[in-house]
Amino acid sequence: MSRYEMLNNIAHRDLRVATGFGAEFGDAVGMVPAYPSEFAELQREYPIFLRKDPATGSWQAVALLGFEQHENLFLQDGRWNASYLPGAAAKGPFLIGFQEGHIDGALTREAVLHVDLDHPRVNAMHGEPVFLPQGGNSPYLDHIAGVLRGIHDGHAFAADMFASLDAKGLIQPITLDVRIDAEHRVGVNGLHAVDRDRLALLDGAALAELNHAGYLEGAYLMLASLHNMRRLIAEKQRRLRAADTAVAAGRN
């Protein structure tokens, strides 16, 4: 369960957030949400796919981390082995909420930070301080605010982008059935990807429309990201070999 409160430097003056990595912090997941605002960074290290949100029926981009529900192949010995941490993982216990108010008689919605006080990263005894002793934002909180702005902007942009790609028939289901070695096959269901061949067949007007809206770059970044499947497969193979070696050693 989550217990969100609006963040403030009085009630949460002693709040600290653990910034390590591990299953105990909820990092053992096979995929995380991804946002167009971070595609340029993500595509260097993570495969980016699309799936339908079962609750809303809308498209959502995801960065694939492993081949099982709780398998994060970037996670090892308290480290996240990548130079870029996806925003969905970096934000920790924070999110952007909205507070309604009136300015000059007009109803407004102001974005404000919220914190989940039941999140496993929240601990008053250790971790990064959220506020400075005199009450100002800590460098950590300033960083988190930037991460959340990117998520907020990317989420707003994504809905129209994916709807436009889908309308042009560019989002197609993909079969992810990978043979790791002679004894192991892995697969992930429900994933979609931008279809390279269909994208290549679009006429000039359709390409110009996507480019003008800023969607074409994102489509190509998603396509480029799929080369990172080799990295995931290699890491899966390495871990299977390590497990086999450990079993063999235990028998001796």
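Trainee: Before we start, what do buried, exposed and partly exposed mean here?
Mentor: Buried means under 20% relative accessible area, exposed means over 50%, and partly exposed lies in between, using a 1.4 Å probe and protein chains only. This is a predicted model, where local features need pLDDT of at least 70 and side-chain atom pairs count only at pLDDT 80 or more, while totals for chains, interfaces and linings use all residues. Residues are numbered from 1 along each chain as its sequence is written, and side-chain values use heavy atoms, with hydrogens and water left out.

Trainee: Okay, how many salt bridges does a search of the whole structure find?
Mentor: The search finds 11 salt bridges, each being a side-chain nitrogen of Lys or Arg within 4 Å of a carboxyl oxygen of Asp or Glu.

Trainee: Which residue does Arg239 form a salt bridge with?
Mentor: Arg239 pairs with Glu235, and their closest N and O atoms are 2.6 Å apart. Both sit in helix α7, 4 residues apart, so about one helical turn separates them; a helix here is a DSSP run of H or I with at least four residues, a strand is a run of E with at least two, and both are numbered from the N terminus.

Trainee: And is Arg239 buried or partly exposed?
Mentor: Arg239 is partly exposed, at a relative accessible area of 25%, whereas Glu235 counts as buried at 17%.

Trainee: Switching topic, what do the side chains of Glu71 and Lys236 do?
Mentor: They meet in a salt bridge of 2.4 Å, N to O. That pair links distant parts of the chain, 165 residues apart, with Glu71 in the loop between β5 (59–64) and β6 (75–76) and Lys236 in helix α7 (residues 229–251).
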